[in-house]
Amino acid sequence: MEQDGLSGHMPESGRRTGFLIITDVGSTTTKALLLARKPGGGLRFEASADVTTTVEKPREDVCIGVAEAIMKLEAISGEKLSRGRGMPSVPYLSTSSAGGGLQMLVFGLTSVETGRIAENTASNAGGVVLRMISIDDELQAVEQMQAIQSLHPDMIMLAGGTDGGAIAGVVRLAELLALSDPQPKFRLDMKIPLVYCGNIEARSFVREVLENVFDVHIVDNVRPSLEETNMEPARMEVHRLFMENVMERAPGYSALKEYVISDILPTPAGVENMMRLYSAHTGESILMMDMGGATTDIFSCITGDYNRTVAANTGMSYSMANTLRRSGIEMLMKHLPPSFSSDEVRDYIYNKTIAPTYVPGSAEEVLVEQAAAICGIDSSWKEHLDTCYQIRRTGFLDRMKARNRKEFEETFMTSGNGTFNLSDIDIVIGSGGVVSHAERDRAFWILTEGFRPFGITCLAIDRDFRSPHLGVLSEIDSHEALRLFRDECLEKLGWVVAPFGDFEEGDMVMTVRDNDSRELFSMSWGDLKYIGKGGNLKFELEGSASLGEADNALFTDLPVLIDCRNRHQGASGRVLSGSGIPAFSHDGYPAFRSRIRPAHGEIEAGEWEIESRLPYRGTIKVRPGDRVQPGTLLGENRYNPPKLYIIDLNRITGYDRHLTPDEIRDGLLVKEGDRIRLNEPLYEVHRKGLTGFDFTFHSTVRGRITRIEKNGLIVVREIQDYDGKPHVVDIAGPLDIKPRHIGGYLKRREGDFVEAGQVLASDISSGKAAVVTSPTSGVVRSIDRKKGTVTVQFDIDPVRMLSHVSGEVTEVIPDHMARVRGRGSRLWGIIGFGGQTSGILREIRNIEGEEPERGSIVFTTEPITAGFLKLAAESGVNGIIAPSIPATHWLDYSGSELGVAVTGDEDIPFTLVLTAGFGHLRMDGECAEFLRGSEGESVFLSGRTQIRAGVTRPTVIV
């Protein structure tokens, strides 16, 4: 069925035309291939075309980009390939990673234990972790909820606790999630999938709390005990859900499915297909890398064991600033010419992140991206090893058995309990635009510095990054896919010969002999030698130096790099770009100047709508039709999120075994629905025999019992019977005593906590039965012996949701949301920081000598500095609009690198909107004119930004 390429799989139109189109819809670029049937059978590459992926408004439909790519193929080939809307009229296949990856929220009990494990699991399943939230998060619960609502994840992962451990923390996280009710990025009619992979004891509670809000899926715990992790079930479930419904939510994806003749594959799945095919064909241990705009996928097929990880926030566009954040500017600059300024390089990387479709416009910009790729590969490869394999130190017997390998190389355990060493890797294949489109020497440099291979390793690239296309082709014709990959795509660059061992500065490492030319040279620690035309090479190792199990010989006509910098401990810090080898030299580069100019957003006039949501269920104070102004109270949360308490009767001090269901039933003194007070008896036991005793367990919390489990777990929800107002209670009057005498009748002291209905004072003398109870729960704030009163108040700090615009309320969701519509002009920024605010617009013409007005929104047409931000904070401005700020100045002020550019909840006292980007960019004339014409007007600012599919940009509304 596969003899003539695609016969038996194509529809009749495919056999008639003899063409096949394959696209890879990436996060930034849609890459299209046209394949044609050869006269003698089989397929050939006919044409290729690249276009910008359409995922950002107003072109928020991947079909638009696909149609453009097909029209380009038509222009190149001269063939008619499309029908209505430019979509294919010939057989069509596709892979997709549009949208910058699977965006996930991750929840764990602690940030350094279950939270970290869950975050790694999500990342390795292909997730872009938007945020990790834990019980020990620095944010308060309300701030966590606001952060949750500001993000629009594709999926959520909830983990926490070891099996059999306490469940209160996990249930509390579930409550936090349910109260926040985050909305998906696309298709608001669908529930967000949630994978629970925590303590098995909490499963029923988690399902009960979350199933009305989320599409809940429960798998094995990622951390079943303190000693073990189990990430695979959660990882597989995330991957399954992504395949089955999350990909469906990308803009235009459902329509694209109508045109393909086989299922659309995620881009990494296509690459993995090709690696598996090639490894099975050659029998080699393969390492393959695909670096995209948002993610870097690492695939390994080592001794038959297949693994894949996704460094979900490491890439060359959307994630470029996060690549910098992970590696640090110092590591990046090591690979760049001394003439390059770290400030200019950081500006470029920040701007590339917020303008992800920008294509480098100079050799200098290309070099910066290649250096960033080295850093990204390095961190992604380390993450792959940490995630997929366990290090097993080589023991004495293993060292005795190894003929060529010494004890100075780590041994890794595979999932099948096999072992391998890094020097067992035969070939490293690079793919992704930054590598595939590089010159041969540059690609060699990137892969060598990024992976630092051990032993004797071949380096290769998928020259035009066609492995995803051929991977989806392999689903219907594996023979043709493998042939095209092997013969047309895979380009071997050369070899790295890298001895390792216990050698250091001054030590002789090896002698290299070319048996054909008779040339002989010696290599010491730190030496690098590049043999451009290869040779018939023989390696004679000195001392502890080893090349692993490989033969100490290499015969090739490809370039060979002899790399004696050693690996891991004892490694030289020398870099290839500073080695003096011409192929890798950066000599002659001028000072770096970035050409990137992120375009400011459009200025729009007309109607607009602003949606405001409470962090959790509260009170909406307005109704549809109401007119609001800046400062109008739209809604508020008067109470903190109600607390949930878990009482475990099995943890009563002195118990040496779990209670039976009968013991629990017989000893309970309360039932579901009961209201309980502090110290109220909940359970009593009368154990007989020599070890028997009588014991009564009193409640350590107050609230209403919502559930009693047969295993002895009692769920208590806080009763919020308070309003935060001071309540002055008359004591002297009801007791018919003089005010100064109330102290003798009080049952509570100043500072005591009382519940609503509890006794404050009483007089039962002389037959009286006078009692005064508290009308509310709270603390006894004061006792006034002149008036004979007691003041009770519960401290609460309401979360108030104010309008920042003038307009009309058009929609209200009771207890949750209000939408306001108005008319005016809107300016879209390029990136912002901080939440929503408003104020009167004022221009600052001299940022160094003019103090901003308190409470105002200030703007300047000149670049700003960290010093100006500090001055603005001290002056108490509400917001700042500026064209740009040098990235280093933003780092100095904020304290952290930009990362993935998901902003809006920074701990800064104002909202900042940039219209041009980072660096020393002046404001566009149209923006400046618009703002100057609006000076003195009330303006609304939102700094919230998300550079991903469903892109959110900051906005200014006048």
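Author: A salt bridge is a side-chain nitrogen of Lys or Arg within 4 Å of a carboxyl oxygen of Asp or Glu. The model is predicted: local features need pLDDT of at least 70, side-chain atom pairs need 80 or more, and totals for chains, interfaces and linings use all residues. Residues count from 1 along each chain as its sequence is written, and side-chain values use heavy atoms, without hydrogens or water.

The structure holds 40 salt bridges. Take glutamate 46 and arginine 44. Their side chains meet at 2.9 Å, N to O. Glutamate 46 is partly exposed, at 34% relative accessible area (buried is under 20%, exposed over 50%, partly exposed in between, with a 1.4 Å probe and protein chains only). Arginine 44 is also partly exposed, at 34%.

Now move to arginine 565 and glutamate 449. They form a salt bridge of 2.9 Å, N to O. Arginine 565 sits in the loop between β25 (560-563) and β26 (603-613), and glutamate 449 sits in helix α16 (residues 440-451), so this pair ties together parts 116 residues apart in sequence. (Helices, H or I of at least four residues, and strands, E of at least two, are DSSP runs numbered from the N terminus.) Arginine 565 is buried, at 0% relative accessibility. Glutamate 449 is buried too, at 3%.

Aspartate 563 and arginine 567 make another salt bridge, again 2.9 Å, N to O. Aspartate 563 is buried, with 0% relative accessibility. Arginine 567 is buried as well, at 6%. Shared partners link these bridges: Glu449, Arg452, Asp563, Arg565 and Arg567 belong to one network.

Back to the sheet. It is open, has 5 strands and mixed pairing, and runs in the order β3-β2-β1-β4-β10 (two strands pair if DSSP finds at least two bridges between them). Its edge strands are β3 (43-52) and β10 (265-266), and each of them pairs on one side only. β3 has β2 (residues 29-37) as an antiparallel partner, over 9 bridges. There, alanine 32 stands opposite alanine 49 of β3. Helix α18 (residues 478-489) packs on the sheet and touches β2 and β3 (contact means heavy atoms within 4.5 Å). The direction of α18 makes about 75° with that of β3 (axes are lines fitted to C-alpha atoms, for helices over the stretch in contact; angles run from 0 to 180 degrees between N-to-C directions).
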